[in-house]
Amino acid sequence: MAQRYPRRNGVRHRTAALLSVALLPMAVAACGSDESASARGSTTTPPATTTPTRNAPASAASAPLSAVPTVDPYAGLPLIDHVTWTEAVDGPRLLVFPTSAGRQTTFPGSDERAWQEVIAQSSDADAPGMRDQFICHWDWARLVQPNKPSWNLEPWRPAVGYSATVDARCNPGGPER
């Protein structure tokens, strides 16, 4: 299968991690609000946090997101626990619930592996702009709001490319409501 999106190289990934320190004050309000899914009009409630049955080595679990491992400590573990579609005031919303491994991994290419897990759980997620929203959350929400229960992706948002999605704090077309 042809790759639809160019692979990000390690330099760009490390640069993004370094820039996060400079952008952190601006990004505090990024990636939507802290409201619970039920407060936003969700039709379902998120389940309790689950942890993988196999534990990663303690050193990998406590490594900062900016560390780039040479061996994937989470190989074979899911990065996405589940996804749930809800209806919000602006339209449909996909709630993506990462696993502990998905919140911790810094292994190169794990972002694409996680996106493929999202698509496997809901093929409707493969809509214009949704991958950029997901990668934005992967790159930034894990730094800014590491314990946010879900990452919210909306297919009705304009597909503006990754850079413009980041500039819009993962919410192109307006803030999350």
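Which residues does Val118 touch, not counting those up to four places away in sequence? In this predicted model, the contacts of Val118 are Ile80, Val83, Leu94, Val96, Ala125 and Phe134.

Val118 belongs to the largest nonpolar core, which has 25 residues. Along with Leu94, Val96, Trp115 and Phe134, Val118 touches the most other members of this core. H5 supplies the largest share, seven residues.

The three strands form an open sheet. Their order is S1-S2-S3, and the pairing is antiparallel. S1 and S3 are the edge strands, each pairing on one side only. On average, neighbouring strands are turned by 25 degrees against each other, direction ignored. S2 and S3 are joined in the antiparallel sense over three bridges. Across from Leu95 stands Asn152 in S3.

H4 touches S1, S2 and S3. The direction of H4 makes about 60 degrees with that of S1. H5 likewise packs on the sheet, with contacts to S1, S2 and S3. The direction of H5 makes about 160 degrees with that of S3.

How values were computed: Residues are numbered from 1 along each chain as its sequence is written. This is a predicted model: local features need pLDDT of at least 70, side-chain atom pairs count only at pLDDT 80 or more; totals for chains, interfaces and linings use all residues. Side-chain values use heavy atoms; hydrogens and water are left out. A nonpolar core is a set of buried Ala, Val, Leu, Ile, Met, Phe, Trp, Tyr and Cys residues joined through side-chain atoms within 4.5 Å. Buried means under 20% relative accessible area, exposed over 50%, partly exposed in between (1.4 Å probe, protein chains only). Helices (H or I, at least four residues) and strands (E, at least two) are DSSP runs, numbered from the N terminus. Contact means heavy atoms within 4.5 Å. Two strands pair if DSSP finds at least two bridges between them. Axes are lines fitted to C-alpha atoms, for helices over the stretch in contact, and angles run from 0 to 180 degrees between N-to-C directions.
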